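Please look over the sequence and the model below, and then follow the helices and single residues in the order in which the text takes them up.

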Amino acid sequence: GETRRLRGGSYASPTAEPNLRQATQLLDLLNNCMSPSPNLRTQSEAQLEALMQNSYSVFASNLVKVMMMADIPIPTRQQAGLYLKNTLSAKEPERRRMMHERWLSIPEPERVEVKQGLLQSLETKAEAIKQVSAQVIAKVFGAEVGVNGWSTLVEHLSGLVGRTASSSPQDAVIALKALGYVCEEMDEDNAPQKDINQALTAIIASMNGPSPDQVHAAVNALRSAIHLTRQNFEIASERDMIMKMLCQAASSS
């Protein structure tokens, strides 16, 4: 498609001109949200809220585009990810339900585009962007888990853990972190058992990983997934295997 320039970055997309203007405006507003000036921060946050209310689908898409721009400052990209995460996350159940409904109201092709961008951002070079991408991915998964909307995610992350364990240990670590965050969004009532089993298998296997960072990430991910292990602990062989791996991880740390 046609490549269009934004101030400080580029992306390839046939996006309509109004969307391009919003993406350009976003860069300024996200930067202003980090300003030491309280007034400027307040004004910018109000403008971001207005953009979101005007078209949430365009807003979410453009936030991910900002996250993917390798040639703009990392704090700006990080801020875009945090803002997107906060549009999907709330402590109050009713508010969270409304956020999930708003996300699900976006047409599926546009949601898929956002999800693909997030997965690309997960494998970027910038560590801070990997971290925030993992968090946003989990919140998007949480918004869709009730309708099994991102049915390929657990398989993708589990595969990423396996592919990168030796060749790119830090990518394996961030994939394990993402799996842990995703497990926090799952419970035995809302997630397919095959996803639960696949996530637990990847996490537990990584406790025997080639690097201490991977072992530590796997233990943390299991802690995030412990509420999903009831069925596994009811089977003696699986319970024994999990406990053996935990003991090995503890002795190697």
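Contact means heavy atoms within 4.5 Å, and helices (H or I, at least four residues) are DSSP runs, numbered from the N terminus. This is a predicted model, in which local features need pLDDT of at least 70 and side-chain atom pairs count only at pLDDT 80 or more, while totals for chains, interfaces and linings use all residues. Residues are numbered from 1 along each chain as its sequence is written, and side-chain values use heavy atoms, with hydrogens and water left out.

In the contact between helix α3 and helix α4 (residues 74-86), Y56, F59, A60, L63, V64, V66 and M67 of α3 meet T76, R77, A80, G81, Y83 and L84 of α4. By class, the residues of this contact divide into 10 nonpolar, two polar and one charged, where Ala, Val, Leu, Ile, Met, Phe, Trp, Tyr, Cys and Pro count as nonpolar, Asp, Glu, Lys and Arg as charged, and the others, Gly among them, as polar. The axes of α3 and α4 come within 8 Å and cross at roughly 145 degrees; such axes are lines fitted to C-alpha atoms, for helices over the stretch in contact, and the angles run from 0 to 180 degrees between N-to-C directions.

Helix α3 (residues 56-67) also packs with helix α6 (residues 108-122), at an angle of about 20 degrees and with the axes 9 Å apart. That angle makes α3 roughly parallel to α6, a term that covers angles under 35 degrees. Here S57, A60, S61, V64, K65 and M67 in α3 meet E110, E113, V114, G117, L118 and S121 in α6, and the contact has five nonpolar, four polar and three charged residues.

S133, which lies in helix α7 (residues 127-144), is in contact with M67, L118, S121 and L122 when its neighbours within four places in sequence are left aside. S133 has a relative accessible area of 0% and is therefore buried, buried being under 20%, exposed over 50% and partly exposed in between, with a 1.4 Å probe and protein chains only. S237 in helix α13 (residues 236-252) is exposed, because its relative accessible area is 54%.

In helix α11 (residues 212-225), the 14 residues should span 20 Å at 1.5 Å a residue, and the end C-alpha atoms are 20 Å apart, which agrees; the expected span is 1.5 Å times one less than the number of residues. The buried residues of α11 include Q214, V215, A217 and A218.

Terms used
Helix = DSSP H or I, 4+ residues; strand = E, 2+ residues; numbered from the N terminus. Parallel < 35°, antiparallel > 145°, perpendicular 65-115°, else oblique.
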